[in-house]
Amino acid sequence: MANNPKLIESAPPIAAQRLCKSFGEHIVLNGIDLAVARNETLVVLGRSGTGKSVLLKLIVGLQQPNSGSIRIHGQEIAGVEMDELSTVRKKIGFLFQQAALYDSMTVGDNVEFSLLRHTKLSEGERKTRVGELLAGVGMDGEQGKMPSDLSGGMQKRVGLARALALDPDILLFDEPTSGLDPITSCEVIQLIVKLKTERKLTSVVVTHDVHGARLFADRVVLLREGSVVVDGTFDQLVKSQDPFVIQFLRDAA
Amino acid sequence: MSLIVVMAALTNYSTFPWRSRWLDFWRGVKGLLKSFFEWFGDLGFFCGRVARAAVSAPFEGSELIRQMDAIGAKSLPLVALAGAATGVVLSLQTRDSLARFGAKALLPAIIAFSLIKESGPVITGLVVSGRVGAGIGAELGSMKVTDQIDAIEVGAVNPYRFLAATRVLACILMLPLLTLAADACGILSGWVSSTLTESITLRHFLASGMKDVRFNDFLPPTFKTAAFGLIIGLVSCFQGMRTQGGTKGVGRSATSSVVLSSLFIILADVVLVRVIQVFFPS
């Protein structure tokens with residue numbers, strides 16, 4: 001049996017210190033310090049290859065840092081065995097860039113996957129919960145469809161319903177609007193804003209979408225070559241006189 | 001004159017073209033050796049993780065049954081056909097040779113012994129490694145490159161338990177059963193082939209073929225295919241779960257799963273045959 005650690009509810013939901021990650025000679029994250037407060041939505045911006053997605057994978061324990069510490073509700077997760085991370089991971093929902101739905105399962109089974117394994121709900125209660133989760137993202141009645149029958153935007157919605165299945169208090173979004181047309185992107189952004197107001201979640205959103213960041217960010221972090229260039233509100237980002245920030249915002253517009 | 005050339009070669013050693021070719025060759029060999037040992041090291045870690053996941057709760061019973069159906073029941077027609085073809089070929093090939101020595105009456109026993117002791121298990125192992133190994137390698141490879149394995153892990157489910165341990169266990173459990181099917185089909189088709197040439201009743205064929213088959217002839221070779229199942233499951237899951245490089249990588253994983261598991265089955269068979277001879281003498 002895994003020795004699952006106890007989480008400290010009063011501790012910051014996410015706290016990373018001197019986080020370093022490199023792949024061979026290539027340094028991706030270079031000593032990042034990051035703390036996300038309860039109910040805060042942090043947006044991580046940056047060019048491709050600056051370590052945004054790697055940062056999310058470190059937070060959820062999918063990759064291990066070369067050095068530094070990551071604490072989720074006070075529990076260190078760097079270097080912890082997979083089964084021992086189970087308690088922490090039940091508190092975290094993750095929306096993948098390409099949704100990453102299980103393509104051999106129906107939409108309903110995708111959302112039910114974690115419920116089946118981590119709750120004691122009866123089959124009827126699980127079905128009801130799956131219906132509620134899908135209704136929350138505007139996908140009710142699509143339980144029987146296969147992921148391949150859905151558009152990119154619909155897959156993201158189902159991915160979001162799956163991420164919310166265990167009622168997490170931390171939600172991580174990896175490029176939630178990438179690969180979507182402008183209208184679908186707006187729908188996904190509205191969904192994130194709705195979740196933020198309704199559920200009081202702590203969120204980290206990795207994105208290129210400066211327009212979306214303006215709508216849902218409480219705080220913005222801009223990464224450049226593995227280091228934090230700006231850490232502040234969206235207004236502080238826009239008012240920054242750093243040439244890199246000005247160039248980034250101009251390119252993103 | 002030649003002494004001067006040798007001296008020049010030694011003093012200007014670094015500028016000679018053969019030196020750079022030799023260094024390139026040596027670097028290539030070193031790289032190959034390194035990746036060879038790394039592969040075995042990674043496989044060792046993978047086996048450890050799968051073993052730990054397989055023996056610790058929670059158990060994925062329904063997924064195990066689903067995999068037993070996918071690996072066992074769905075491989076049955078192919079294995080039965082391969083066993084039947086082997087039975088016919090054995091009958092056709094051995095009849096003439098036995099007739100030459102006046103030992104045609106031994107044909108049923110030779111078909112039965114050959115199938116039960118070697119052909120049935122090996123044919124089953126190779127057929128299943130082709131069908132199931134490629135399937136597992138491609139399926140898990142595709143899941144890996146589309147982040148589905150990461151999604152399982154993020155959902156607080158151990159992918160080594162849900163994906164790998166269930167498939168490995170299903171392979172171990174189903175291979176001996178499939179071998180029994182291959183043996184039965186081979187003996188039956190051997191009888192059909194024999195009786196078309198020279199009429200013999202099934203009862204007589206079976207009585208003649210099976211009368212000298214003992215426990216040690218039958219059970220150890222049949223159960224050695226559990227080891228083949230272990231090889232197919234572990235190698236295919238390992239290759240699938242370490243896939244990199246998009247659809248090309250998925251293709252490479254499917255191919256390498258089949259090639260490596262077939263190769264290891266043949267090598268393991270050599271060892272297992274000797275082990276069976278030592279511990280279960282006829």
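**Entry 1: ground rules**

I number residues from 1 along each chain as its sequence is written, and chains are lettered from A in the order in which they are written. Since the model is predicted, local features need pLDDT of at least 70 and side-chain atom pairs count only at pLDDT 80 or more, while totals for chains, interfaces and linings use all residues.

**Entry 2: chain A overall**

I looked up the secondary structure and found nine helices and 10 strands in chain A. Helices (H or I, at least four residues) and strands (E, at least two) are DSSP runs, numbered from the N terminus. The radius of gyration of chain A is 18 Å, close to the 18 Å of the globule rule for 253 residues, so chain A is as compact as a globular protein of that length. Here the radius is taken over C-alpha atoms, and the rule is 2.2 Å times the number of residues to the power 0.38. The C-alpha trace of chain A spans about 55 × 45 × 35 Å along its principal axes.

I then checked burial: 40% of the 253 residues of chain A count as buried. A residue is buried if 20 or more other C-beta atoms lie within 10 Å of its own, exposed if 12 or fewer, and partly exposed in between, with C-beta atoms placed from the backbone.

**Entry 3: chain B overall**

Chain B has 11 helices and zero strands. Its radius of gyration is 25 Å, well over the 19 Å that the globule rule gives for 282 residues, so chain B is more spread out than a compact globule. The C-alpha trace of chain B spans about 85 × 70 × 35 Å along its principal axes. Buried residues make up 41% of the 282 residues in chain B.

I also looked at contacts, where two residues are in contact if their C-beta atoms, placed from the backbone, lie within 7 Å. Among contacts in chain B between residues at least 6 apart in sequence, 88% join residues at least 24 apart. For chain A, with the cut-off again at least 6 apart, 65% join residues at least 24 apart.

**Entry 4: where the chains touch**

I found 17 residues from chain A and 14 residues from chain B in the contact. On the side of chain A, α2 (86–90) and α3 (107–118) are the elements that give two or more residues. The largest share of that side, four residues, comes from α3(A). By class, the side of chain A has nine nonpolar, four polar and four charged residues. Ala, Val, Leu, Ile, Met, Phe, Trp, Tyr, Cys and Pro count as nonpolar, Asp, Glu, Lys and Arg as charged, and the others, Gly among them, as polar.

**Entry 5: α3 of chain A**

I followed α3(A) into its own chain. The axes of α3(A) and α4(A) (residues 123–136) come within 10 Å and cross at roughly 125°. That makes α3(A) oblique to α4(A). Axes are lines fitted to C-alpha atoms, for helices over the stretch in contact, and angles run from 0 to 180 degrees between N-to-C directions. Angles under 35 degrees count as roughly parallel, over 145 as roughly antiparallel, 65 to 115 as roughly perpendicular and the rest as oblique.

In this pair, Gly108(A), Val111(A), Glu112(A), Leu115(A) and Leu116(A) of α3(A) meet Arg126(A), Arg129(A), Val130(A), Leu133(A) and Leu134(A) of α4(A). These residues divide into six nonpolar, one polar and three charged. The buried residues of α3(A) include Val107(A), Asn110(A) and Phe113(A). They pack against α4 and α5 (152–163) of chain A, as the buried residues of α3(A) do.

**Entry 6: α3 and α7 of chain B**

In chain B, the axes of α3(B) (residues 61–71) and α7(B) (residues 159–197) come within 8 Å and cross at roughly 50°. The two helices are therefore oblique to each other. The residues of their contact divide into nine nonpolar, two polar and two charged.

I picked out Glu63(B), which is found in α3(B). With 17 other C-beta atoms within 10 Å, Glu63(B) is partly exposed. Leaving aside neighbours within four places in sequence, Glu63(B) is in contact with Phe162(B) and Thr166(B).

Most residues other than glycine have a negative phi, and most peptide bonds are trans. I noted a cis peptide bond between Ala57(B) and Pro58(B), with omega about 0°. Pro58(B) lies in the loop between α2 (17–55) and α3 of chain B.

Asp147(B) has a positive phi of about 65° although it is not a glycine. With 20 C-beta neighbours inside 10 Å, Asp147(B) counts as buried. Glu225(A), also not a glycine, has a positive phi of about 50°. Glu225(A) is in the loop between β9 (219–224) and β10 (227–232) of chain A.
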